[in-house]
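Colleague: Could you walk me through how to read a few side-chain features in a model like this one? I would like the general idea each time, and then the case at hand.

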Amino acid sequence: MSKIIKGQVSVDRSVYTEFSKDMGFFSIHADCWSVVSEIINEGDFGKPAYSHDINDICMRFRINGKKCERDGFEELYVKLYGDGAFAKLRLEFENEVEAEYYKTTEYTPIKN
């Protein structure tokens, strides 16, 4: 009878990180979910590095410190700043959150 041999084991971590940005009259809050996988970085003498996959960034909004519904905030923002302004705000904030995530994570990202 042949013997079963155990191969590589990969352990992933589910990571939740909160971010916020004060915009004066309102603030934006982000819930960032990611999966982090440890990789042995052969080029860096076996120190662990991590592959990151940001799954989702959910935004919440506050006006004068009070929670508000996303649809209501979006409607107000579009009325104040015009069509496309809310989509631009979301995209810019998502990009900022992603950059801050990689800058502040305790799991050293793989260097490309």
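Colleague: Let's start with Tyr 81: is Tyr 81 buried or exposed?

Modeller: The label comes from the relative accessible area, with exposed meaning over 50%. Tyr 81 has a relative accessible area of 54%, so it is exposed. Keep in mind that this is a predicted model. Tyr 81 is found in helix H1.

Colleague: Now the aromatic rings. How many aromatic pairs does the count come to?

Modeller: The idea is to look at two quantities, the distance between ring centres and the angle between ring planes. The count comes to 11 aromatic pairs. Take Tyr 77 and Tyr 81: their ring centres are 4.6 Å apart and their planes are at 50 degrees, so this pair is tilted. Both residues lie in helix H1, 4 residues apart, which is about one turn of the helix. Tyr 77 counts as buried at 13% relative accessibility, whereas Tyr 81 is exposed at 54%.

Colleague: What kind of aromatic pair do Tyr 101 and Tyr 102 form?

Modeller: That pair is edge-to-face, with 5.2 Å from centre to centre and 85 degrees between the planes. Planes over 60 degrees apart get that label. Tyr 101 is buried, at 2% relative accessibility, while Tyr 102 is partly exposed, with a relative accessible area of 32%.

Colleague: Which residues form one aromatic cluster with Tyr 77 and Tyr 81?

Modeller: The cluster also holds Phe 26, Phe 61, Phe 73 and Phe 86.

Colleague: Let's turn to charges. How many salt bridges does the structure hold?

Modeller: Side chains of opposite charge can pair when their charged atoms come close. Here the structure holds 9 salt bridges. One of them joins the side chains of Lys 21 and Glu 96, at 2.8 Å from N to O. This pair links distant parts of the chain, 75 residues apart: Lys 21 is in strand S1 (residues 12–22) and Glu 96 is in helix H2 (residues 85–104). Lys 21 is partly exposed at 27%, and Glu 96 is partly exposed at 38%.

Colleague: Where do Asp 31 and Arg 60 lie?

Modeller: Asp 31 is in strand S2 (residues 26–40) and Arg 60 is in strand S3 (residues 48–63), 29 residues apart, so to read this one you look across distant parts of the chain. Their side chains meet in a salt bridge of 2.9 Å, N to O. Asp 31 counts as buried at 10% relative accessibility, whereas Arg 60 counts as partly exposed at 35%.

Colleague: And what links Arg 70 and Glu 74?

Modeller: Arg 70 forms a salt bridge with Glu 74, with the closest N and O atoms 3.0 Å apart. Both lie in helix H1 (residues 70–81), 4 residues apart, about one turn of the helix. Arg 70 is partly exposed at 33%, and Glu 74 is partly exposed at 26%. Asp 71 joins Arg 70 and Glu 74 in a network of salt bridges.

Colleague: Last topic, the cysteines. How many disulfides does the structure hold?

Modeller: The test is the distance between two cysteine sulfur atoms, which must be within 2.5 Å. The structure holds 0 disulfides. Cys 32 is in no disulfide, and the nearest cysteine sulfur, that of Cys 58, is 9.4 Å away. Cys 32 counts as buried, at 0% relative accessibility.

How values were computed: Residues are numbered from 1 along each chain as its sequence is written. This is a predicted model: local features need pLDDT of at least 70, side-chain atom pairs count only at pLDDT 80 or more; totals for chains, interfaces and linings use all residues. Side-chain values use heavy atoms; hydrogens and water are left out. Buried means under 20% relative accessible area, exposed over 50%, partly exposed in between (1.4 Å probe, protein chains only). A salt bridge is a side-chain nitrogen of Lys or Arg within 4 Å of a carboxyl oxygen of Asp or Glu. Helices (H or I, at least four residues) and strands (E, at least two) are DSSP runs, numbered from the N terminus. Rings of Phe, Tyr and Trp (its six-membered ring) pair if their centres lie within 6.5 Å; planes under 30 degrees apart count as stacked, over 60 as edge-to-face and the rest as tilted.
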